[in-house]
Amino acid sequence: STQSRSSAASDVYKRQNTNRVPLDDDPLLASDGGVPFDNSRYNLPYIYEEESHEFQLFSNLDGPFNFILGYFQYENETTWRIDTESYANPWRYTNGQEVVDELAPGSTCEEYLGGFGFALEGTEQAEDDGGYWFCPPGEDHTLNLIFSTGAASETSAVFFNGEYEFNESWLVSGGIRYTEDEKAHTYEGGIYTSDLGFLGFPATLAFDYTDPDEKTWYKTIGHVSVEHTTNDGHLVYGRVSTGYRAGALNTSVGVTEAPRYVEEEDLLNYEIGMKGLFLDSRLQVAAGLWFNDFDGYQLNATQSPPADYIFGDEVDLVEYTTNIDGTEIWGLDVEFIYQFDDNWRFSGFYAYQDSEIGQHESVIRGNPDSVWLPVLDDDDNIVSYYEDPTDQTGNKLPMQPEHKFALTAAYDRSLGDMGDLSLLATYSYTAEQYPDTVSYTHLTLPTIYSV
């Protein structure tokens, strides 16, 4: 089978989120008070394209052994951009070269910028800085910021799954899958235009932090399952499986570059369960116990810079994705369907889930007990504060309620030639869960989700 999809979305937002408009004779001042205000908006185009292909070969052998052989390929390309238009800049319609002609007759606009130490196109300084300055052409500089990121990925995998039926009571199955994931930044950069508060005319910085190097992750995973059918027709099973999530490339914006790579995430899963019919086949029950052990769990958080962070002496907090060990999830699932009589049917499920996140420290959003530390300048004067990361080792993973259940009652009755009547009522419950990796004591007013 082949599937492909291409989509694009673009939204325009007024950045100050108000109805304020400028004066008719002065676009730099607000009409409701004659004071300067932020009169700008931004456009957010987003382009997403993907394509997948999969081939599967199913056997139909007469003996106790059968198998599935397959190949899978997936490609994805994503581009995101932000375009900012500012309508209240005094240099919006200023020609840079005309201003330079008055300030430094005989000099080009770029030469004038170079005299201030600006990196110019084609210079070694521009190569070291990852960008260069120039004077934007034209008379309209309303569009003063364009920032864009692009990424591409390709996944290919081959897999094999087989099962062997020893007799009517015992069946063993197993599978193996080899996967390669290749990812790359196709582009990361843009332009920024400003007068920097002292030039008197617009100057544009063109920057490009694209990392052209591709990164490939690969892994072999598999599973082994044993199924036993009892004399009463009940199925009891056990399963051990491994999982894998490819790594990624952390984004960067100049000097705030995070660790370059996020390594892969590995999973070891254990599961036992049963399925069967009871009470003369009027009650159907399925239940399972499972335990997930993660190695290199991928976590995005605002946290202290890693030990090898090249700007660690200057930056106190960095938001990036990293890998942590020691994360575990476990739970129990039970579901049933009970046919009370020809008309009434009851069904439902209960799910218990708990988890512990591995060792790490990060900022808790909205934490009322946060500790704020000062940022000092060279003269030990306090210039700002930052939130001290909190040790979250052993806390629950985000968005994971401990309890969930639902109960449904259904009534069906034939009305003869008039058709059928069906009545159904459902009650469902989802326990409290947390938007961040926090313990119960960290938030005095936890977020509660219920249905």
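**Close-up views of a predicted model**

**View 1. Overall make-up of the chain.** The chain has three helices and 23 strands, and what is shown here is a predicted model. Among contacts in the chain with a separation of 6 or more, 65% are accounted for by residues 24 or more positions apart.

View 2. In soluble globular proteins, nonpolar side chains tend to be buried together.

**View 3. Strand β4 and its pairing with strand β7.** In strand β4 (residues 131-134), Gly 131 and Trp 133 form the covered face, whereas Tyr 132 and Phe 134 form the uncovered one. Strand β4 is joined by four bridges to strand β7 (residues 203-208), and the two strands run antiparallel. Within this pairing, Phe 207 of β7 is the bridge partner of Gly 131.

**View 4. Thr 321 in strand β15.** Thr 321 is placed in strand β15 (residues 318-324), and its side chain is joined to that of Asn 300 by a polar contact of 3.0 Å. Besides Asn 300, and leaving aside neighbours within four places in sequence, Thr 321 is in contact with Asn 250, Val 262, Gln 298 and Leu 299.

**View 5. Glu 263 between strands β11 and β12.** The loop between β11 (261-262) and β12 (265-278) holds Glu 263, which counts as partly exposed at 36% relative accessibility. Not counting residues up to four places away in sequence, Glu 263 touches Trp 217, Gly 247, Gln 298 and Asn 323. The C-alpha atoms of Glu 263 and Thr 322 are separated by 7.7 Å, although these residues are 59 residues apart along the chain.

**View 6. Two loop residues with positive phi.** Most residues other than glycine have a negative phi. Asp 380, in the loop between β19 (372-376) and β20 (382-387), has a positive phi near 65°, and this residue is exposed, with a relative accessible area of 57%. Met 399, in the loop between β21 (390-391) and β22 (403-414), has a positive phi near 60° and is partly exposed, with a relative accessible area of 43%.

**View 7. Confidence along the chain and at residues 1-13 and 438-451.** The mean pLDDT of the chain is 85, with 86% of its residues reaching 70 or more. Over residues 1-13, however, the pLDDT is below 50, and this stretch has 35 contacts in the model beyond near neighbours in sequence. Residues 438-451 likewise stay under 50 in pLDDT, and for them the model has 36 contacts beyond four places in sequence.

Note on methods:
Residues are numbered from 1 along each chain as its sequence is written. This is a predicted model: local features need pLDDT of at least 70, side-chain atom pairs count only at pLDDT 80 or more; totals for chains, interfaces and linings use all residues. Side-chain values use heavy atoms; hydrogens and water are left out. Contact means heavy atoms within 4.5 Å. A polar contact is a pair of N or O atoms within 3.5 Å; within protein, one must be able to donate a hydrogen and the other to accept it, and residues adjacent in sequence count only if both atoms are side-chain atoms. Buried means under 20% relative accessible area, exposed over 50%, partly exposed in between (1.4 Å probe, protein chains only). Two strands pair if DSSP finds at least two bridges between them. pLDDT is the predictor's confidence in each residue, from 0 to 100.
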